[in-house]
Amino acid sequence: MRSSFDLYLDGASLLHCRDPRAKLLAMLVLVVALVLVPVGCWMAFGLFSLLVLALVVVAHIPLARLLRQLLVVLPFVLPAVLFLPFLHGGTILWQVKMGGWHLTLGDTGLVLAGSILLKAILSAFALGVLVATTRMADLLRGVDALGAPRLLTTIFGFMYRYLFVIEDEAHRLRAGRDVRYYGGLLIGIRSVGHMAGSLFIRSYDRAERVYGAMLLRGYDGTHRSLNSLRVGWADVLMVMAMTVLAVSISLAGRWL
Amino acid sequence: MKILAVCGLSYTYPDGQPALRDVSFSVDEGETLAIIGPNGAGKSTLLLHLVGLLPILAGSIKVLDIPLSIGTLKQIRRIVGLVFQNPDDQLFCPTVFDDVAFGPLNLGLSLVEVRQAVGHALEMVGMAGAVGRSPHHLSLGERKRVALACVLASTPRLLVLDEPSANLDPGGKWELVGLLKRLVGPKIIVTHDLELAGELATQVMVMDRGEVVALGDVKAILSDHGLLAAHRLAHIG
């Protein structure tokens, strides 16, 4: 079954073939350089947009898919973006009086909000490209090889592995409820609570069995794994090219 | 030498419910023992004892003459390989390769040896092409095969399978039977699939309510309709 949690997009593009560590580093450089672009530096934002768009094209990712993923990011950004134009001063663009209150829309806040929104969208696109072109297993291997704590990558690996199993279980529970559900808001809400509880207990039981399976295969608390990553010249080239491009765009934005 | 000898094993769950009562049996080197019985007979509880996942409250278990205790757990888990009923409990890694390599890696094998063990185990179950795939993209039949490969990769002397044919379609079941037939060495198979037991076992043990009610040659037991019907393994009449 194809799950909604499956972010990887099968393909053989230039980006798909790169070493996960190289991709992680390149995207990290891109995002950091992007974040450091000064507020209101539209030329730099334009160039970064072109760079991210080029990545999307090279990786053959449908734009609609990235836009859908934006829905996850926007709820965190939008509240700030909506309020900022009214909280910072600058040239007054629009003003409304409500009783004793003045609601003022200033240009400083508007520029700030626009910059934050652009940074958020472009970063989300860049990470969307990363997860669409790298299998989760490789991504975790890459994070591990770059020095992240093994415990963290292991836990994340378990989470990703069992997300799908738990999703299937939730679907079955919901189907079981739906065939006996004849409406009524209160009953509906209550049944969701029961389902969450039952899902928790099932997952807890499963965790015990999984741990048993690990013990049987000689697990003793240290997680051993084979790291079979190989860096090629193309990987080095990609990281270097990304660094040069991202840093120069960011700096150009500062100086021009 | 007997590969497994269980003597007077009893177990009561923490809530007071008795699960095993005075269970005794043994498995010889060339034997395949099928343990059959209705739901709740204590079959799975017995299996968990064989690999030391439940504590022995009364009785004893010996594997190749080594008594099972806290000190010998590692040694015994190296000899007895248990394949779980639900492959999702056994496949916990992001890729098939990582899962099959988990046991050999913990055994301290070298990189080359681990690769060899993984390749060999996957070949034995006919899943050599699935090395880089993630378990959630495999069908149930495929996941069961990979779960078997996970255990085979550590080369256990005694293979123990819990309901291997559960939830498989007839095609998948007979493929599995063929596969298990090709694997040499002693096996214990817990099942209520009498077809499967008849096809693979040399000995059959019938359990009901935590007790061994019959133990003997496969033909003698599976042709005893009265016995099977009395323990919900065949329809009455």
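This is a predicted model: local features need pLDDT of at least 70, side-chain atom pairs count only at pLDDT 80 or more; totals for chains, interfaces and linings use all residues.

Across the whole structure, 21 salt bridges turn up over all chains.

**Chain B overall**

- Of the 237 residues in chain B, 56% are buried.
- Take the contacts in chain B between residues at least 6 apart in sequence: 64% of them join residues at least 24 apart.
- On the charge side, chain B carries 20 positive and 24 negative side chains, with the centres of the two sets 2 Å apart.

**Helix 4 of chain B**

- Helix 4 of chain B runs over residues 96–106 and is mostly covered, with eleven of its eleven residues buried.
- The buried residues of this helix include Val96(B), Phe97(B), Val100(B), Phe102(B) and Leu105(B), and also Asp98(B), Asp99(B) and Asn106(B).
- What does the cover over the buried residues of helix 4 of chain B include? From chain A there are helix 5 (136–145) and helix 7 (185–216), while chain B itself brings helix 3, helix 5 (111–124) and helix 6 (140–152).
- After helix 4 of chain B comes Gly108(B), which has a positive phi, near 85 degrees.

**A salt bridge between the chains**

- As background, side chains of opposite charge can pair when their charged atoms come close.
- Asp88(B) and Arg161(A) do this through their side chains, in a salt bridge of 2.8 Å from N to O.
- This pair crosses between chains: Asp88(B) sits in helix 3 (residues 87–90) of chain B, and Arg161(A) sits in helix 6 (residues 150–178) of chain A.
- Are the two partners buried or exposed? Asp88(B) is buried, because its relative accessible area is 10%, and Arg161(A) counts as buried too, at 3% relative accessibility.

**Salt bridges within a chain**

- In chain A, Arg172(A) pairs with Glu169(A), and their closest N and O atoms are 3.9 Å apart.
- Both Arg172(A) and Glu169(A) belong to helix 6 of chain A, where they are three residues apart, about one turn of the helix.
- Glu169(A) has 6% relative accessibility, so it counts as buried.
- In chain B, Glu195(B) forms a salt bridge with Lys173(B), with 2.6 Å between the closest N and O atoms.
- That pair links distant parts of the chain, 22 residues apart: Glu195(B) is in helix 8 (residues 194–200) of chain B and Lys173(B) is in helix 7 (residues 170–182) of chain B.
- Glu195(B) counts as partly exposed at 46% relative accessibility, whereas Lys173(B) is buried, with a relative accessible area of 9%.

Definitions and conventions
Residues are numbered from 1 along each chain as its sequence is written. Chains are lettered from A and ligands numbered from 1 in the order in which they are written. Side-chain values use heavy atoms; hydrogens and water are left out. Buried means under 20% relative accessible area, exposed over 50%, partly exposed in between (1.4 Å probe, protein chains only). Contact means heavy atoms within 4.5 Å. Lys and Arg count as positive and Asp and Glu as negative; His and the chain ends are not counted. The place of a charge is taken as NZ of Lys, CZ of Arg, CG of Asp or CD of Glu. A salt bridge is a side-chain nitrogen of Lys or Arg within 4 Å of a carboxyl oxygen of Asp or Glu. Helices (H or I, at least four residues) and strands (E, at least two) are DSSP runs, numbered from the N terminus.
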